[in-house]
Amino acid sequence: MFLDINKSRPKQFGILFLIFFILYFFIPHNESSWLWRLPPLLKDIPLMINNLLDNLMFNWFKIQVWDPDWEMYEEKTLFRQITRGIASGVLFFIIFIREIFLGGVQTISSITGDGLIKAFNWIYLPALPWTAVVIGAFIIGYKLQGIYLGIVASLGFLYVSIFGQWEPTMETLSLVLFTAPVCFILGLGLGIWGFFSRRVEATLQPILNVMQTMPHFSYLVPIIVLFGVGDHAGAIATIIFATPPMVRLTILGLKKIPPDVVESGLMSGCNKFQLLFRVLIPTARRDILIGVNQVIMQCLAMTTIAAFIGAKGLGFNLKVALNSLKIGKAAEIGICVVIIAVVLDKLSLAWANKQKNYFSNLSFIQKNKPLFSFIIFTFICGIIAYFSSFYFAKGFNYLYIIPFDKGLTISPYLDSFVDWIWETFFYYLNTFNVFLLTSVLGPMKQAYLNMPVVSTLFLVTGAGYIIGGLRSALVVFSLIVFIALSEYWDRALITLYMATFAVGVSAIMGITVGSLCAQNDFTTRSILSICDFFQTFPSFIYLIPVILLFGITDTSVMIAAIVYASVPATRYTVEGLLSVPPSLHDAGSMSGVSKIQRWTNIELPLAFPHMMLGINQTVIFALFMIVLGALIGTEDLGQIIMGCLSRPNGAGIGLTLGIFISFICLAVDNLIRTWADERKKMLGIN
Amino acid sequence: MNISQNNNSQPVIKCDSVYKIFGSNAKKLLDQSEGIVDSQKFQEAGCIVGVNDASFEVNKGEMLVVMGLSGSGKSTLLRCVSRLTEATSGKIFIDGEDLLAMNSKRLIELRRNKMGMVFQSFALLPHKTVLENIAFPLQIKGSSTHESIKKALEMVELVGLKGRENYFPRELSGGQQQRVGIARSLAVEPDIWFLDEPFSALDPLIRKEMQDEFLRLQDVLNKTIMFVTHDFDEALRLADRIAIMKDGIIEQLDTPDNIVLNPATEYVRKFTEDVPREKVLRIDSIMDPYDPNISSSINIANNAIIETVAEKILHSKESITVIDNKNNPIGSLNPSKVIKILFGDKI
């Protein structure tokens, strides 16, 4: 029976689980035993991080800096000067963009100094009237794709303005309009560098992995320490979060270029720069522009989280509304975030798909018609706004800027809708809630917490060994043992239990829905666009309806995580099934398979590697949402990470715990990817 | 440039014992082997032999077709001569100038002015229209937009794509895309034209059409050409001389006639076996020396393909006089020889 164990994976896993359960049940629950819990040997890591940051900011590399106010030299650390310099630079640009939309004096005063503003108090950078922005959105949409997109874009902005969310939306937009180009340039530059140098790529890859899997909250505190609190800190957090996909897509796009195209460039006599800017980048244009789209969406998703470190905008208002449980208000703001997300998504995708017409014989005016018409319309809107200021002399000038909360509102209706749902469905929802908590989640949590550390480590390392040999076993073991050696193992187990549950349910849902929908063209297209739509939502938004339905419990977090994480599972399932070659379908049909047989014998085995990559994404998405769920109260790692925001010296703990979560993701990633690659190689799919 | 350029006897391309071996310690192994490379041994040492001791010359206006199956090193050889890959050892001269000793500036200059290349997968820039793709090498060279577009329009006409200037590559058929590739490679009016399996990705009918088109172009342009193909029939149709490669070694380098009549190795013979000789051979490759005693009422041209004149010859009972393009008699031919070619096994 044990002879063919080298060949049979299921048997290997069977034995693995057998030993795991033996360890699970026979290792005594004893706090002082190393078999039960490892000693927290690494508990000083947060402290070390804190000390490092502290020394960098206040002790090391001191230089003399001239202070114009005190008119004397002061001793400051170089590092602090650099971070403060970056901070003020970033802040200047954000405020500059913001004042284009909303008006203000800060840009002028930071260029000329305070004196000028004080001397002439009429100096003021006027805002673009919202009417002009709406028309601008229409023109851009029209120019990029056509009348339909123009209408969608302008309606989006129109909604935002008449519902009184103009100011926070423009604040958010100014953040996005600053961070997205920065991410683009950074990502493109790093991507190109990584493409040309194998060593750089090898260095970038793990850094990107950690950056993309670390929950955003965990690096908020270090950013506060380094850069302070405010819009610039939010922008920097956003840049850290949104750059990795750009780097990845740039490298991917450049690598996809056929060698023949590069050779044709060389044979045309391109030098290095011509090759890069006239052959490589334009050929990889589509992937790079999809990267831009990703960057914009990530930036928008991050603005809400950036609100925690002082970034203004929709995110900040959303956070306040959620904290005070004004669900109607929160939903209203949420709708604005979604609208802006959809508009920016559609605009940037249209831009990505647009082909330039170089040789159409147009005059300068014809070529720049959209720009000129925008200027003309802005001028007209400005005049209207000027005259309407006499009409609205007493109150707010509604044709200039609709102030916050002074527009229409639907929040009372939403609130009463919420009340109605509560009154009507409370009993059922509550029963479900209690059932889930006491009969499923509670016992599961206890089972995880009762797991001796040795058995856990044995399980993951064994899985690593079976799947990827010694190398994977070592990688997975060191990632997990790192967490086990900290003080937070129990918390990590809670995170793990929530993740397991959420991923399990999401995977089943995703694979079922995906498989069903992939059966015909219409449902395939529908489900893919539904996935697209859900993916444009910033993660935060998912919390609003679940709180509405289930209040502040683990159930809410679970459901948000399940919904959020089902999206990649579904999408990858559909994509995987679609990638099955049609000739195999035909071959199957000619062998007389039934639908079920086709699914189990042909589609599933071939699509499985790709579907597993979807599960990989599901794990990351679920963990993200679970950490985010700490906002509404859970007791896992996320809760401590959130807590760090308000703790002195929280930077070290926050960062360490963030790395823990990232390590969990990376361990799962390693296992799934190794396995999927092996399967793909076996099946001969690329 | 110490060698005078206008020396007509000087070959345009000259390769001298060119080796290309892939692998990290290729150079060292090659130095040790003293020029005698056994690909089996090299493979055991972790190296793959691409080109093994290739020496040949291509003269001005001549078309050398490099023929071999996949993995025979034919494309690698072409890439060594265009220096898209660096040869591991050996000498390559372009118009007498040492290619491998050029710095990158000189190499770029050479490619901008003297070389053009056509690729198997067309390798068009997807973001540029037909016109822009063709104008690309000119713009890279620094020509003004007006000038390069004007030249590109000429090229569009030359390859018969008029009316499709503003199409994107993805909107064209394979044959049309390759026409763009050809036009692009010719835009800078290069002296040397490299073609890497240009018609292999096309359907048979289109391929035939493109070969005719190519011969027409070469008739007008008279470039020095290195043409790579895996299709023996194509090689026979197009070549002035054919180099047949196997495992990186040039097995035989000769005119199509000679290759068909006298295959040098067993490998080459296998290719020639199924070739209908009457469709390949020209009269002068089978004629006897001129015998003034034979007088015949029928004359045939020395460069006619046998098949095209076979009927005429077979109608005649006695030997026929072969004449060259100046109508001088240069040989005679007995119909029995033609019968042998048509129906016999061997000559």
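The legends below describe close-up views of a predicted model.

Local features are given at pLDDT of at least 70 and side-chain atom pairs at pLDDT 80 or more, whereas totals for chains, interfaces and linings use all residues. Residues are numbered from 1 along each chain as its sequence is written, and chains are lettered from A in the order in which they are written.

**View 1. Crossing of helices H8 and H15 in chain A.** The axes (lines fitted to C-alpha atoms over the stretch in contact, with angles from 0 to 180 degrees between N-to-C directions) of H8(A), residues 166–196, and H15(A), residues 314–323, come within 7 Å and cross at roughly 125°. H8(A) is therefore oblique to H15(A), a term for angles that are not under 35 (roughly parallel), over 145 (roughly antiparallel) or 65 to 115 degrees (roughly perpendicular). A:Pro168, A:Thr169 and A:Thr172 of H8(A) meet A:Leu314, A:Gly315 and A:Asn317 of H15(A); contact requires C-beta atoms, placed from the backbone, within 7 Å.

**View 2. Helix H11 of chain A.** Helices are DSSP runs (H or I) of at least four residues, and strands (E) of at least two, numbered from the N terminus. H11(A) spans residues 231–256 and bends by about 30° at A:Ala242, with A:Pro244 following within four residues. The bend is the angle between axes fitted to the seven residues ending at a residue and the seven starting there. Of the 26 residues in H11(A), 22 are buried, having 20 or more other C-beta atoms within 10 Å of their own.

**View 3. Contact between chains A and B.** Chain B contributes 21 residues and chain A 19. On the side of chain B, H5(B) supplies the largest share, six residues.

Conventions: Two residues are in contact if their C-beta atoms, placed from the backbone, lie within 7 Å. The expected span of a helix is 1.5 Å times one less than its number of residues. A residue is buried if 20 or more other C-beta atoms lie within 10 Å of its own, exposed if 12 or fewer, and partly exposed in between; C-beta atoms are placed from the backbone.
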